Amino acid sequence: MNNFTLGVEEEFMVIDPVTRELKSHQQKIVDGAQKIHEDQVKAEMHQAVVEVGTHICQNTDEARREVTKLRGTVAQLAGDLGLRIGAAGTHPFSHWQHQLITDHPRYFEIVDELQEAARSNLIFGLHVHVGIQSRDMAINIANQARYFLPHVYALSTNSPFWEGRNTGYKSFRTKVFDKFPRTGIPDYFASIEDYDNYIKLLVKTNCIDNAKKIWWDLRVHPFFETIEFRVCDCPMLIDETMTMVALFQCICAKLYKLRLSNMKFITYNRALINENKWRAARYGIDGKMIDFGKELEVNTRALILELLDFIDDVVDDLGCRDELQYVHKILEHGTGADRQLAIYNQNNKFEDVVDYITSQTLKGI
């Protein structure tokens with residue numbers, strides 16, 4: 001039987017509490033955190049970013065404890081330096097041109113290759129790993145799970161502002177990231193050999209030096225026995241992060257269960273799924289997406305409730321029902337993007353939005 005283990009990575013903003021701008025922590029947060037958590041805390045390409053990652057967790061309870069602990073550590077270390085951390089997909093007004101690049105050969109190599117697309121990639125995401133021990137099974141599940149990416153993405157939307165502008169999107173983060181190659185919804189692969197041959201061709205032709213430079217919204221991880229979900233904005237609240245984690249775990253477990261019963265979910269092509277992803281980025285949970293089976297537009301909230309029904313028979317075995325209950329709170333109170341917009345509309349001040357983000361990031365620690 002497969003163990004649907006979990007790994008969670010979050011990328012945080014480092015913020016000056018006076019100006020509310022992004023600010024380099026000169027790697028001091030990473031250096032301090034690594035004395036406590038070793039390689040669970042890492043630098044990112046921009047110096048005003050810090051990334052944390054859990055150990056392999058057996059269930060959502062363990063993942064929640066790790067996520068909470070890591071947020072607490074980096075928040076404490078940032079506070080000791082007179083800084084704050086914030087969890088959102090983009091900073092509301094800081095400009096990427098003012099941000100320093102981390103002194104590391106890998107980041108300079110990426111900037112040299114991708115130029116402005118890399119330098120402007122000042123975004124913050126959530127990555128969730130779900131353990132799938134068979135790579136044959138993993139590519140099968142990944143093909144089908146692509147359909148549900150826009151549904152979960154809509155719930156995670158948390159980046160309505162970019163460089164001091166209301167973008168009109170609930171998640172502008174993916175619009176920034178779209179400038180990178182090998183991003184977005186992945187194609188269908190007929191087998192794991194088909195997927196591996198694709199990677200080998202890219203390496204052979206010097207497109208990439210290894211498969212970690214495939215930055216799709218979902219990928220069978222090249223080194224771990226996991227499917228890695230990368231579509232979500234970094235959620236503001238720990239409760240929201242754990243909701244996305246539970247949803248991805250349940251989607252994998254449900255599709256696995258269907259496969260063992262010689263059944264499967266319909267596999268839709270990338271072009272169709274992209275239509276729903278764009279709607280999720282633009283409208284979050286307040287728009288409509290396409291039910292491709294019925295060939296109809298359907299309220300996104302209704303499709304998210306259908307997703308909960310679809311996965312319901314695996315929830316109790318995984319022990320994550322409490323985490324999934326928070327979906328209803330997001331539908332009631334809005335996503336991080338909705339709440340950022342509400343705060344901004346009170347006084348038209350981006351500083352208020354930053355203060356709200358930094359305070360909410362620490363909730364539950």
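Colleague: Which residues of α11 does α9 meet?
Modeller: This is a predicted model. On the α9 side, the contact uses L247, Q249, C250, I251, A253, K254, L255, K257 and L258. They meet these residues in α11: L307, L308, F310, I311, D313, V314, V315 and L318.

Colleague: By class, how many residues in the contact of α9 with α11 are nonpolar?
Modeller: Start with the others. One residue of this contact is polar and three are charged. The nonpolar count is 13.

Colleague: What is the orientation of α9 relative to α11?
Modeller: The axes of α9 (residues 238-260) and α11 (residues 300-318) lie 8 Å apart. Their packing angle is about 90 degrees. Angles of 65 to 115 degrees count as roughly perpendicular. So α9 is, relative to α11, roughly perpendicular.

Colleague: At what angle do the axes of α5 and α9 cross?
Modeller: Helix α5 covers residues 135-145. Its axis and that of α9 come within 10 Å. That makes α5 roughly perpendicular to α9. The crossing angle is roughly 115 degrees.

Colleague: Which residues of α9 make the contact with α5?
Modeller: α5 passes α9 in a right-handed crossing. From α5 come M137, N140, I141, Q144 and A145. From α9 come I251, C252, L255, Y256, R259 and L260.

Colleague: How many residues of the contact of α5 with α9 are charged?
Modeller: Eight residues there are nonpolar. Two are polar. The charged count is one.

Colleague: Now the strands. Is β3 largely enclosed or exposed?
Modeller: β3 spans residues 49-53. V49, E51 and G53 point one way, V50 and V52 the other, and all are buried. Five of the five residues are buried, so β3 is, by the rest of the structure, largely enclosed.

Colleague: Which residue in β3 is the bridge partner of M13?
Modeller: Strand β1 (residues 6-15) runs antiparallel to β3. Five bridges join the two strands. In β3, the partner of M13 is V49.

Colleague: Which residue in β3 does K42 stand opposite?
Modeller: Strand β2 covers residues 41-43. β2 pairs with β3 in the antiparallel sense, over three bridges. Opposite K42 stands E51.

Colleague: How many residues lie between β2 and β3 in their hairpin?
Modeller: β2 and β3 are antiparallel partners. Together they form a hairpin. The number of residues between them is five.

How values were computed: Residues numbered from 1 in each chain as written. Predicted model: local features only at pLDDT ≥ 70, side-chain atom pairs only at ≥ 80, totals over all residues. Heavy atoms only, no water. Axes fitted to C-alpha atoms, helices over the stretch in contact; angles between N-to-C directions. Helix = DSSP H or I, 4+ residues; strand = E, 2+ residues; numbered from the N terminus. Parallel < 35°, antiparallel > 145°, perpendicular 65-115°, else oblique. Left-handed = near helix turned anticlockwise from the far one by under 90°. Contact = heavy atoms within 4.5 Å. Nonpolar A, V, L, I, M, F, W, Y, C, P; charged D, E, K, R; others polar. Buried < 20%, exposed > 50% of the residue type's maximum accessible area, 1.4 Å probe, protein only. Pairing = 2+ DSSP bridges.
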